[in-house]
Amino acid sequence: MEPALASSAVERRVADFLGRTHGHLIGGEWVPPLNEHLNPVINPADGREIARVGKGDTADIDSAVRAARDALNGPWSRLSSVDRGRLLFKLADLIELRADEFALLETLDNGKPLRDSRNIDIPGAVEELREYAGWASKLAGETLIGSPGDVHAYTLREPVGVAGLIIPWNFPLWNAVTKIGPALAAGCTAILKPAEQTPLSALLLGEVLSDAGVPDGVVNIVTGAGDAGAALAAHLDVDKIAFTGSTEVGKSIIRAASGNMKRLTLELGGKSPVIVFPDADIDRAIEGAAQTIFYNSGQVCVANSRLYAHRTVFDRVIEGIAERAASIKVGPGLNADTEMGPLISERQLDRVTDFLESSVEDGATTIVGGKRIERDGYFVEPTVIVDTHPGMRIMQEEIFGPVIAGSSFDDDELESIAEAANNTAYGLAAYVWTNDLRTAHQMTRKLRAGSIHVNGGEAAGLPFGGYKQSGWGRENGRVGVEAYTEIKSIAIAL
């Protein structure tokens, strides 16, 4: 570790944390896995083991669910919504105080540049928690004033119960709090199952939960592989599953959840288009498209991996993105000048390089990149591909790597442009670059995606989720908290 990137005190605390053997957090206690099995945690920047954590299975999940149910039926259910909000605010404050530790763990675990962990991921997680803390006291039912005069009719919102939270490896802490936050704000208890590749920040979060005063059993953390997640999804005493990950796994969760018809929120895969019209600010469009596909090594569900640019600006856009790709400094996340880190694992590296090879076999042309970087760790070149057609795998399947594939369009008929952009099984996000207000509004109506960003627009608190096979339900803001509630209708004859 480089002293210039983190204080020696932070490094010592992180080294101490990594040196421990980590079990599960169940009922407020750190316990070893019942099967005594451990999983190695690998630093993707060099392929070396940095820690060992418990490899949970059905027995550990069952123990965690019992603890969550006991907490739900215990003092947690008697805590006021205002007090739940106070706990979430305190949790956010404590994460902020230990931001350097969380950031360093995130970079060692995930591989992303330390400056991204420190300046984007951890502050983002803190702000998400504060957003949900504010919602804890603002959930409300309705009085139905149109009821007959001799009936008092109204609705209540009640916590759905025990929630299973299954998160991916691309934004480990951020994803953890975007599920813990609304679950606790709504009054639920939870079992968090972090990704097997990146469990470390979730385990540190477990320590901070205790320091914040969150009662025992309200949040339980079980580390492990897919079998632990499957056990959580199938458990008959879990009332809801919130999952972020691949569409393939999401479909398996739907099947597993059918036993007790538990509630589901699924944020799944994406194959997001970016559409550049000739009247756009082309320099901004180039920078925006490059940032959105190469950030976090392209391991982002909303990455704009398909480019559609008008033929009059296509060459300029491709040239600009290619120049940006060629200039990106790729390396270990702890290096001060690194702009893009490794992919998460050797398996993911093999998947991305397979896409790159098959695209060439299918007739596409690689403008820049296209290969694995030969060094320790799981590095791939930022890649720009052209000469594509709609049926290619690279235009249809989620790659989850720093790869953008471009096509031009000739006509100005918005219907055909939208048809091409919508031509995948996914519908998570889309990006439009135009200075024509009419075009912007028309395209946002025609695109079948849960989030549409015009000229780089972003706003916190907007609902987030997808159309088609990009998922079920929405996260963020009021709807994100309400997803952890049930509505009860009441009619009283007066």
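Author: Buried means under 20% relative accessible area. Keep that cut-off at hand; the model here is a predicted one.

Reader: Why is C301 called buried?

Author: C301 has a relative accessible area of 15%. The cut-off is under 20%, so C301 counts as buried.

Reader: And what makes C188 count as buried?

Author: Its relative accessibility is 0%. That is under 20%, so C188 counts as buried too.

Reader: How many disulfides are there?

Author: The count comes to 0.

Reader: Why are β1 and β4 said to stand at the edges?

Author: Start with the order: an open sheet of 3 strands runs β1-β5-β4, with mixed pairing. β1 (21-22) and β4 (38-43) each have a single partner strand, so one side of each is left without a neighbour in the sheet.

Reader: What makes β1 and β5 a pair?

Author: Pairing takes at least two bridges. β1 and strand β5 (residues 48-54) are joined by 2 bridges and run parallel, so they qualify as a pair. In one of these strands, β5, V53 is the bridge partner of H22. Helix α7 (residues 200-212) packs on this sheet, touching β1, β4 and β5, and its direction makes about 45° with that of β5.

Reader: Which strands pair with β15, and how do they run?

Author: Strand β14 (residues 365-368) is joined to β15 by 3 bridges, antiparallel, and T366 stands opposite I385 there. Strand β16 (residues 403-409) is also joined to β15 by 3 bridges, but parallel, with A405 standing opposite I385. The rule asks for at least two bridges, so β14 and β16 each pair with β15.

Reader: Which way do the residues of β15 point?

Author: In strand β15 (residues 383-386), T383 and I385 point one way, V384 and V386 the other, and all are buried. In a regular strand, side chains alternate between the two faces of the sheet.

Reader: What do the buried residues of α8 pack against?

Author: Helix α8 (residues 226-234) has A228, G229, A231, L232 and A233 as its buried residues. They pack against α2 (58-73), β7 (162-166), β8 (189-193), β10 (240-244) and α9 (247-257).

Reader: Which residues have the most contacts inside the largest nonpolar core?

Author: I95, L184, L200 and L205, in a core of 63 residues. Apart from that core lies another, of 43 residues, with V300, A309, I404 and F464 among them.

Conventions
Residues are numbered from 1 along each chain as its sequence is written. This is a predicted model: local features need pLDDT of at least 70, side-chain atom pairs count only at pLDDT 80 or more; totals for chains, interfaces and linings use all residues. Side-chain values use heavy atoms; hydrogens and water are left out. Buried means under 20% relative accessible area, exposed over 50%, partly exposed in between (1.4 Å probe, protein chains only). Helices (H or I, at least four residues) and strands (E, at least two) are DSSP runs, numbered from the N terminus. A disulfide is a pair of cysteine sulfur atoms within 2.5 Å. Contact means heavy atoms within 4.5 Å. A nonpolar core is a set of buried Ala, Val, Leu, Ile, Met, Phe, Trp, Tyr and Cys residues joined through side-chain atoms within 4.5 Å. Axes are lines fitted to C-alpha atoms, for helices over the stretch in contact, and angles run from 0 to 180 degrees between N-to-C directions.
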